[in-house]
Amino acid sequence: MSKGEYIPLPNRSVIRITGSDRQSFLQGILSQDIEKVNETNAIYALILTPQGKFLYDVFVTEYEEAYLLDCTRDRVGALVSRLIMYKLKSDVQIEDVSQHYEAVALFGEHLYDVIGSHTPGTAKPYCKGTAYVDPRSNALYGRTIIARENHYQALHAHDLEMKDFTLYEQRRILASIPCGEQDLQPEKSFPLEYGLDHLHAISYTKGCYVGQEVTARTHHRGVVRKALFLIESENGAELPESGAIVTHAEGGKLGLLRSRQGPLGLALLRIEDVEKANNKAAIAVENGDVIACVVKKGPWMEAENQA
């Protein structure tokens with residue numbers, strides 16, 4: 001019997017950053033504190049526009065005197081270009097190393113035995129790379145960046161069984177955890193509407209970074225009118241593609257569907273309107289049918305309300 005599961009993440013790539021200025025370089029760009037990163041601790045962070053809007057999300061770990069950034073595959077080239085633009089005269093080398101490394105999700109209590117902690121962000125060198133408890137929430141257990149040359153042999157040696165990426169997406173959505181461009185719109189979305197501060201992507205104590213002023217002001221004012229909700233079709237029908245309009249019973253717009261997997265999805269909705277609609281919603285599909293849905297608060301949102 002397997003001790004856990006691993007799921008390769010084909011939607012992610014890996015960037016390596018080296019050089020004597022690598023820490024100060026990233027400290028002025030990332031929304032989370034890079035000084036927390038070492039071989040025993042990883043972070044989840046954002047890169048924002050000067051207006052505080054989302055551009056990229058990254059997981060950052062340290063391995064062999066370099067930072068490894070787990071980022072969205074479809075935009076890895078654009079991210080490398082932006083980092084080079086910020087580089088100026090810093091002693092920093094930036095390289096897409098996706099041909100040599102890949103990101104893999106890890107599930108099962110055995111992960112905590114290997115790493116030695118349940119605390120989000122706790123890391124450990126692993127399989128010619130690094131493994132860590134997911135910094136956003138241990139609801140998704142952990143991740144690893146491993147050498148492709150390993151061909152998952154080390155994971156099999158730890159009695160982990162490979163599972164399909166659709167299972168990872170289902171678990172992520174059930175945990176109400178957004179994933180980069182699947183849920184946020186680059187240059188349009190504000191991270192606090194997606195709860196990314198509660199998922200440890202933002203430090204309010206680290207000092208200046210690009211987009212910090214707007215983010216901090218929104219946080220201190222406490223005015224966030226939208227939130228990312230878990231949405232589920234009542235009859236098990238598959239939800240439509242991202243971007244579908246979510247309405248209430250009378251047809252008024254509540255917001256937009258973002259990522260989805262089968263009957264489950266995440267939707268950015270106006271908080272006040274969801275409450276007025278008694279957590280009921282509907283989504284029209286191309287054939288004219290209407291899918292009735294239930295709107296729920298995600299686990300992290302429930303925990304925040306109880307705090």
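Author: The structure, which is a predicted model, holds 19 salt bridges. One of them joins the side chains of Arg16 and Glu95, at 3.2 Å from N to O. Arg16 belongs to strand 2 (residues 12-18) and Glu95 to strand 6 (residues 93-96), so this pair links distant parts of the chain, 79 residues apart. Arg16 is partly exposed, with a relative accessible area of 26%, and Glu95 is partly exposed at 38%.

Helix 5 (residues 165-174) lies across strand 12, strand 14 and strand 15, and runs at about 145° to strand 14.

Six strands form a closed barrel in the order 12-15-14-13-16-17, with antiparallel pairing. Neighbouring strands of this sheet are turned by 40° against each other on average, direction ignored. Strand 12 (residues 226-233) and strand 17 (residues 290-296) are joined by four bridges, and Leu230 has Lys296 as its bridge partner in strand 17.

The side chain of Lys296 also forms a salt bridge with Glu232, at 2.9 Å from N to O. This pair connects strand 17 to strand 12 across 64 residues of the chain. Lys296 is partly exposed at 35% relative accessibility, as is Glu232 at 26%.

Finally, salt bridges also link Arg12, Asp57, Asp70 and Arg143 in a network.

Terms used. Residues numbered from 1 in each chain as written. Predicted model: local features only at pLDDT ≥ 70, side-chain atom pairs only at ≥ 80, totals over all residues. Heavy atoms only, no water. Pairing = 2+ DSSP bridges. Helix = DSSP H or I, 4+ residues; strand = E, 2+ residues; numbered from the N terminus. Axes fitted to C-alpha atoms, helices over the stretch in contact; angles between N-to-C directions. Contact = heavy atoms within 4.5 Å. Salt bridge = Lys/Arg side-chain N within 4 Å of Asp/Glu carboxyl O. Buried < 20%, exposed > 50% of the residue type's maximum accessible area, 1.4 Å probe, protein only.
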